[in-house]
Amino acid sequence: MSDTLLEIDNLSVDYETARGDLKALRDISFDVKKGEIVGIVGESGCGKSTLISSILRLTAPNTRFRQGEVRFKGDDLLTMPERQMRNLRGSDISIIFQDPMQTHNPVLSIGRQMVDIQHRTKVSKSEKRSIAAKMLAAVGIPDPEARLKQYPHEFSGGMRQRIAIAMALMSEPDLLIADEPTTALDATLEVQIIERLQELQREFHCAILFISHHLGVIAELCDRVVVMYAGAVVESGDVREIFHDPKHPYTRRLIECDPGHIKERARVLPTIPGEVPDLANLPDGCIFRDRCEQATDRCAQVPPLEKLKEGHFAACWLNHPEESST
Amino acid sequence: MAKSHSELSIILRGVAKDPLGLLGLIIVGMIVFSAIFAAWIVPYDPIGMNIPDRMQAPSLSHWLGTDSLGRDTLSRVIMGGQVALKVALPAVFGAMAIGLTLGMIAGYGPKWLDNFLMLFFDTVRSFPTVMFALAVVALIGPSLQTIVFVVMATSIPTYGRVARTQTLTLRNSEFILAERAMGASMTRILGVHMLPNIIGVLAVLAAMDIPTVIALEAGLSFLGLGVKPPTPSWGALLKDGYALIRQTPWLVVGGGLPIILATLGFTFLGESLRDVVDPKLRKNR
Amino acid sequence: MSPILEVKGLQTSFGAVNVLAGVSFAVEPGETYAMVGESGSGKTTVIRAIAGLAPAQAGSVKFDGEEIRGISERAMRPLRKDIAMMFQDPTGSLSPRLTVRNLVTEPYRIQGMKDKDLDAEAKRLLELVNLPAHFADRYPYQLSGGQARRVGVARALALEPKLILADEPTAGLDVSVQGELLNLLNDLRDRLGLSMVIITHNLNVVRHIADRMGILYLGRLVEEGTTEAIFDEPRHPYTHCLLSANPEPDPDARLERIALKGEPPSLLIRPKGCEFRERCPMASDICMQTPIWEVENGHGLRCLTPR
């Protein structure tokens, strides 16, 4: 029995637009093992939204799957019939979003929504309500029985996010996808949510795919990290390896730029100059080349995602010294 | 100014891509063209009597035949189009302009003004248009100006309400707050920053309203309460045709067909415009 | 030197909700002051009230010695040249149908300075914020978050203000471009002698841009001091919690996290005594009394059980 729960295999996805094809994802490969927490680090335009919508198969009409597979427990989700996909969504694979209001229907009470989610289980309504109340307690909502009657707008942002987590975990999914769940929250709330997620993950043993551009949270929560830039995976590996021994210039620069890392007041903060490339007009060669200080002539060719050591992959020519010295 | 041109062409291209929109654009184009150049393209004088040629069935010399006074139906249809637009366009765009202004003031100004304007709108809206038209016509007598006035007055609340809602929605946006922070006056905020973001929706409403007004004018003329004869009107043609339906049924076609075509054309155009303008509004937000 | 901005006892209520319960602070010319707080602390309301965009029922706001709290919009208008605001949503604060050129020169138009060569001014302003000249023809929807932010900065600087009020200037920016914006603000501040008030909940940003900072909780300042002093030795338990809540980008970091209990209380039912009491890890019986604001060596504190 394989340990691997989710396998993204050479996935390439385009969006057809009036300006041409936007190459949103190019040759993405990584996997998530059962019970593992994998972090996806990426900034605007890296393709993480496309990745999530591809896994869930909830894509815009102009999306084109050019190649690759998304295998969940061995089955390719991209070719699965819609009926089967619908059974997976919300039960085997759950998702929480950055904006909790996206998850909640503003005109239904929380209790009603949490009962509705359990529509696949064959227990009585009062059973479902008590399960819902238990989940609310598990995420730290005080007075859960009473709270079931309330509406989303009666809760603060932090509580709404916790309710979203409760709703996502109620079906005991194998995989929880968390799309920037703490980005909109204050630091103290973020910390509470992360700790709660850690506890729940230990209890439910689900795998988590955690997307964020907040490096501190990734470092604290995740077992492994995948670094994405402009639609490509540039590095992936164990969280310690990525933070202590990054093998891609983008990863290195990203860690350097994170202000949490800079203890003394800096006159001039580090930054990555330039802009993310236009996905409809990709430059030749390495995607990071235009903004990389260490770029050489070799970078005119796209570097492959190579295995540098067990579990650590990077796409950079600097990791492959040439036979003839420069 | 450069933007309006390219924006207009983007909108037109969007409409042309939609088959029904393109059809609507063509029909409306034809109607507007024939209305503008009516005096030059009519084959015969639309109002001059010509008794010897009366009540002729459609033929090569008279494509839609003649009426009881010998007037060429086709010429009257073409001229009727000019009359229809002479009523519809000023009435609708006048109502839109006034409704827009009042609506923006209601949405942005003090609460008491909003309440007052809403009361005014609701009062006017509660008048059934046709009855109001009949009353005014009874008082002042029928004429083109009367109809324009009546239609404009009764349409203002619709545009006013939409403009008000849009203004209320945008009023708390960050860019309006930024303008206030820079000290912009209410006139500037409404004229430069609100108006361009609201007008798209109103323009679509106006396009959809035109066929309603055309039908209203035709209806009033059919009742003899619209434009004074001998000015041709599609409604008047219907009336004449209906009166002598055995002898001159082609008049009914001449009166009814353009109304149907105009309604379809403007409606297709309006719906297509709405589809094109809406996603743009979302994107620009 | 007298402060460029002096706020005393600022109070703002929206109906029954008392958002600001008496905020007092001062900003010296050329200084950057950071107002730090979480959602519900009232930090956005503070700068809006200062700028006259939110009501202020009591208190005093003195700009360059002149009282501006509660003055009419007409009286405020000439001062708007000197006080510029930057908003949290970078693209949302730009009028969607205006070009960048028109956006950055809007202040000139509003103040009736049409005789200036606006095209030249637009060019100058774009250069000031390191945006290429061809951006002048772009529309807000064609700008990235970072670019839109810079247009906001350019616009704020158009009339050479003395004071900039910035609401979360780095919100929504990728980490790799945050530095760019902060460097720009620092540089402009040095070159133009600007004073700034920055509202943020991001402590990392504060460290690199602010000279002094104030911690706001439930519409009141609980601690204030120089940035170094506060980071080195936070005295109020809330400040300490905030500082420790910063996850570090290092998986092996051993974090001494001080957990905050629960959520901020509702503003409708302010707790009696010290308002932070119910969530404070160091609360004791003495906290049933209302703490007063005490200043020692330029460091202000409102706490009965300081560290």
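The model is a predicted one. In it, 35 residues of chain A are in contact with 31 residues of chain C, while 18 residues of chain B are in contact with 17 residues of chain C.

**Where chain A touches chain C**

- On the side of chain A that touches chain C, the elements giving two or more residues are helix 7 (157-169), helix 8 (187-204), helix 9 (215-221), helix 10 (239-244) and helix 11 (249-257) of chain A.
- Helix 9 of chain A supplies the largest share of this side, namely five residues.
- Sorted by class, the side of chain A that touches chain C is made up of 17 nonpolar, 10 polar and eight charged residues.

**Where chain B touches chain C**

- At least two residues each come from helix 8 (174-181), helix 9 (186-222) and helix 11 (250-284) of chain B on the side that touches chain C.
- Helix 8 of chain B gives the most to this side, with seven residues.
- By class, the side of chain B that touches chain C holds seven nonpolar, five polar and six charged residues.

**The largest nonpolar core**

- This core has 250 residues, and the members that touch the most other members are Leu175(A), Tyr229(A), Val234(A) and Leu165(C).
- Because domain 1 (4-92 + 171-319) and domain 2 (98-170) of chain A both give residues to this core, the core lies between them.
- Leaving aside residues up to four places away in sequence, Leu175(A) touches Leu5(A), Leu6(A), Val32(A), Asp92(A), Ile93(A), Cys206(A), Ala207(A) and Leu209(A).

Terms used: Residues numbered from 1 in each chain as written. Chains lettered and ligands numbered in written order. Predicted model: local features only at pLDDT ≥ 70, side-chain atom pairs only at ≥ 80, totals over all residues. Contact = placed C-beta atoms within 7 Å. Helix = DSSP H or I, 4+ residues; strand = E, 2+ residues; numbered from the N terminus. Nonpolar A, V, L, I, M, F, W, Y, C, P; charged D, E, K, R; others polar. Core = buried A, V, L, I, M, F, W, Y, C linked by C-beta atoms within 7 Å. Buried ≥ 20, exposed ≤ 12 C-beta atoms within 10 Å, placed from the backbone. Domains from an automatic or database assignment.
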